[in-house]
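Hi,

Here is the structure I promised to pass on. Please open it and keep it beside you as you read; my notes follow.

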Amino acid sequence: LPEPAAGKSGLQLFKAALRLTGQQEVVRPATAADLKRAERAGFPRELLRFYSKYEPDPRNSYVEFDQFAEDHTWGARLNSIKHSIWENHEGFPDAVLFQHGYIVFAGTSSGDPYCIDTNVKGKHGVHPIVLFLHDSLGGPINREAIQAERLEVASSLDDFLRKFSSGQLVD
């Protein structure tokens, strides 16, 4: 996977990682119908813009890159629109998180969801990306429980794509 370099955007690193892993055909522009479904589902503007050019093929459900920590390797997956909508309406704890303003759009290979936190807006109106460990939300899931388990892993979708594409996401 490419090393993050000064001045390289997350999207540039994402495209480079696709080339290096031979997965260029795994992404394509989303259809107008799928983008409309995502918009109706409440997906934020930055995610819709990304999907308009680089949606993982719905037949594969996601694109995956290996991630590296000091003591282990794991996979991070970026979902297609169809898979993200399913996760946000049917998955657990994803559907509950969705009701509280968290849009699941990616996950770890062990099923932990990465979400866009639409409750928070940073500079330029972008939302941070947070991770939830699915095992940690076992009891009653309310706003306080969610806030206690929320782990911010990226300041924006672009920052997430930089880390996702360079194998440096937090799991």
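**Strands E6 and E7**

Strand E6 (residues 113–117) and strand E7 (residues 129–131) are joined by three bridges, and the two run antiparallel. Find Tyr114 first: Leu131 in E7 stands opposite Tyr114. Keep in mind that this is a predicted model.

**E6 and its other neighbour**

E6 also pairs with E5. Five bridges join E5 to E6, again antiparallel. Ile103 has Ile116 in E6 as its bridge partner. E5 and E6 form a hairpin, with four residues between the two strands. Look at Gly111 in that turn: its phi is positive, about 100°.

Is E6 buried or exposed? Five of its five residues are buried, so E6 is largely enclosed by the rest of the structure. Here buried means under 20% relative accessible area. In E6, both faces are covered. Pro113, Cys115 and Asp117 are buried on one side. Tyr114 and Ile116 are buried on the other.

**The whole sheet**

Now step back. Six strands make an open sheet, in the order E3-E4-E5-E6-E7-E8, with antiparallel pairing. Which strands stand at the edges? They are E3 (62–68) and E8 (151–154). Each has a single partner strand, so one side of each has no neighbour in the sheet. From one strand to the next, the twist averages 35°.

Helix H4 (residues 81–90) lies across strand E4 (73–79) and strand E5 (102–108). H4 runs at about 115° to E5.

**Helices H2 and H3**

Next, look at helix H2 (residues 32–40) and helix H3 (residues 45–54). Their axes come within 10 Å and cross at roughly 165°. An angle over 145 degrees counts as roughly antiparallel. H2 and H3 are therefore roughly antiparallel to each other. The crossing of H2 past H3 is right-handed.

Which residues make the contact? H2 brings Leu35, Ala38 and Glu39, while H3 brings Leu48, Tyr51 and Ser52. By class, that contact has four nonpolar residues, one polar and one charged.

Arg45 is also in helix H3. Arg45 is exposed, with a relative accessible area of 57%; the cut-off for exposed is over 50%. Its C-alpha atom is separated from that of Val126 by 8.6 Å. Along the chain, Arg45 and Val126 are 81 residues apart.

**Helix H1**

Last, go to helix H1 (residues 10–20). Which of its residues are buried? Gly10, Leu13, Phe14, Ala16, Ala17 and Leu18 are buried. What covers them includes strand E1 (27–28), H3, E3, E4 and helix H7 (157–166). Gly22 follows H1, and its phi is positive, near 70°.

That is the tour. Write back with any questions.

Best wishes

Conventions. Residues are numbered from 1 along each chain as its sequence is written. This is a predicted model: local features need pLDDT of at least 70, side-chain atom pairs count only at pLDDT 80 or more; totals for chains, interfaces and linings use all residues. Side-chain values use heavy atoms; hydrogens and water are left out. Two strands pair if DSSP finds at least two bridges between them. Axes are lines fitted to C-alpha atoms, for helices over the stretch in contact, and angles run from 0 to 180 degrees between N-to-C directions. Contact means heavy atoms within 4.5 Å. Angles under 35 degrees count as roughly parallel, over 145 as roughly antiparallel, 65 to 115 as roughly perpendicular and the rest as oblique. A crossing is left-handed if the near helix is turned anticlockwise from the far one by less than a right angle, and right-handed if clockwise. Ala, Val, Leu, Ile, Met, Phe, Trp, Tyr, Cys and Pro count as nonpolar, Asp, Glu, Lys and Arg as charged, and the others, Gly among them, as polar. Buried means under 20% relative accessible area, exposed over 50%, partly exposed in between (1.4 Å probe, protein chains only).
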